[in-house]
Amino acid sequence: MRRPGPLALTCCDPLAAVTNATARIILICSGKGGVGKTTLTANLGIALAQLGQRTVVLDADFGLRNLDLLLGLENRIIYTAQELLAGSCRLEQALVKHKQQPNLALMPAGNPRMLEWLTPEDMRTVANLVAERADYVLIDCPAGVEQGFKNAAAACHEAIVITTPEMSAVRDADRVIGLLNSQGIQPIQLVLNRVRPRMVANQEMMSVADVTDLLALPLLGLVVEDEQVIVSTNRGEPLTLNGNGSPAARAYHNVARRLRGEQVPLHDPTRERRGLRARLLNKLGMAGN
Amino acid sequence: MALFEFLQRLLGRQKPSGTLAKERLQLVLAHDRSDLNPELLEQMRREILEVVQKYVEIDLEEGDVSLETEDRVTALVANLPIKRARPAALTAPSD
């Protein structure tokens, strides 16, 4: 492994933590944009931190960074991954600690111009550096399957693929899963986002089983469409932070607990809220499920 | 869902769009994963049929070679109804 300036600095620092080889470095990716990668990263980061896990969320979306906004940390960024890589700041200076949840820190994305020279090796360096201070490193991956994705994927041990039950999102997720498989990244788990129970009940949206069948991944979480997600983004306070009982917040907390190895039963709301039409169609033997 | 669509579904004339989405994706994912373009697939299909026809007489109308995917494993599935074996197949090919 290449040892850049900042690592050498922290090695000389008597207060530096010992290298934490057990940190889990998890890529959060989707292929398609706008399906909820950054929202999952922010909420899962808070939820893991609340479980007492030292967590760093790493914004690998250098082109269109947004993780700072979702966490409400946009005004507190001084240094970024760029200065860390250049060795012009120390790790502690670049990490932005969350105000209300001190177990969580953000490693902000650098300047978009970095994309011109950033390599997979650079991302690996940043991820390994922050992993020294963390139990969990969540990498917020850029959309697409180009260089930005490749850089982020090179830095992770395991991956969470997030998708919605829509044609293009599922197809793009499948491309990404193929690429992760070819790089030997394991395990890869699925989070299904923005499920609309009513539509699923009426068979106008693919069901949870449909999507898990198609993608053949273990389901780590199921998040129903929830307006509170937009409200929380406006405020810069992830839903998991305030423990309000919104359905999406519960789902993100459950993802965190399952990630920790806890057995949390999967609650599928589409199994309960069957519309009248669906029940009628079912009676007539027309439902495919 | 509009009433008209609902009636269409009741009458069994129209599949629900969720079911349609899954079926369309099953096909498109099989092709995406195999990385074969349609021309190559068609060429392979023709060559497979040629080889099989050397040994047995098959029903070309009913014959079907396609890609199917299950659990991330893509398989080439050939369904070729055999009319009868060719007598020539009993004598081993010269090459």
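This is a short talk on a predicted model with chains A and B, starting with chain B and then turning to where the two chains meet.

Hi everyone, and thanks for coming. Please keep in mind throughout that we are looking at a predicted model.

If you walk along chain B from the N terminus, the order is α-α-α-β-β-β-β. The chain has 95 residues, and 19% of them are buried. Chain B exposes about 6900 Å², with carbon and sulfur atoms supplying 53% of that. And if we take the contacts in chain B with a separation of 6 or more, 46% of them come from residues 24 or more positions apart.

While we are here, have a look at helix 3 of chain B, residues 38–55. Arg45(B) and Glu42(B) sit three residues apart in this helix, so about one helical turn separates them. Their side chains meet in a salt bridge, at 3.1 Å from N to O. Arg45(B) is partly exposed at 24% relative accessibility, and Glu42(B) is partly exposed as well, at 32%.

Now to the place where the chains meet. How many residues of chain B are in contact with chain A? There are 21, and they touch 22 residues of chain A. The size of an interface is often given as the accessible area lost when the parts come together. For chain B and chain A, that buried area is about 2000 Å², and carbon and sulfur atoms give 60% of it.

What about charged and polar pairs? Six residue pairs are in polar contact across the interface of chain B and chain A, counting pairs with both residues at pLDDT 80 or more. Which parts of chain B supply the side that touches chain A? Helix 1, residues 3–10, and helix 2, residues 17–34, each supply at least two residues. Helix 2 gives the most, with twelve residues. Sorted by class, this side of chain B has eight nonpolar, five polar and eight charged residues.

Between chain B and chain A there are four salt bridges. Let me show you two of them. Asp174(A) pairs with Arg33(B), and their closest N and O atoms are 2.4 Å apart. Asp32(B) pairs with Arg171(A), at 2.7 Å between the closest N and O atoms. Asp32(B) lies in helix 2 of chain B and Arg171(A) in helix 8 of chain A, so this pair joins two chains. Asp32(B) is partly exposed, with a relative accessible area of 23%, and Arg171(A) is partly exposed at 34%.

Over all chains, the salt bridges come to 17. One of them, in chain A, links Asp68(A) and Arg65(A), at 3.7 Å from N to O.

Let's move to helix 10 of chain A, residues 208–215. Why do we call this helix largely enclosed by the rest of the structure? Because six of its eight residues are buried. Those residues are Val208(A), Asp210(A), Val211(A), Thr212(A), Leu214(A) and Leu215(A). Their cover includes strand 6, helix 8, strand 7 and strand 8 of chain A, together with helix 2 of chain B.

Finally, some backbone details in chain A. Most residues other than glycine have a negative phi, and most peptide bonds are trans. Here are some exceptions. Just after helix 10, Ala216(A) takes a positive phi of about 50°. Arg194(A), in strand 7, has a positive phi of about 55°. Arg194(A) is partly exposed, at 35% relative accessibility. Gln203(A) also has a positive phi, near 60°. You can find Gln203(A) in the loop between helix 9 and helix 10, and this residue is buried, with a relative accessible area of 14%.

And where is the cis peptide bond? A cis bond joins Gln186(A) and Pro187(A), with omega of about -5°. Pro187(A) belongs to the loop between helix 8 and strand 7 of chain A.

Conventions: Residues numbered from 1 in each chain as written. Chains lettered and ligands numbered in written order. Predicted model: local features only at pLDDT ≥ 70, side-chain atom pairs only at ≥ 80, totals over all residues. Heavy atoms only, no water. Contact = heavy atoms within 4.5 Å. Buried area = accessible area lost by both parts, 1.4 Å probe. Polar contact = N/O pair within 3.5 Å; in protein donor to acceptor, adjacent residues only side chain to side chain. Helix = DSSP H or I, 4+ residues; strand = E, 2+ residues; numbered from the N terminus. Nonpolar A, V, L, I, M, F, W, Y, C, P; charged D, E, K, R; others polar. Buried < 20%, exposed > 50% of the residue type's maximum accessible area, 1.4 Å probe, protein only. Areas by Shrake-Rupley, 256 points an atom, 1.4 Å probe, with all protein chains shown as cover.
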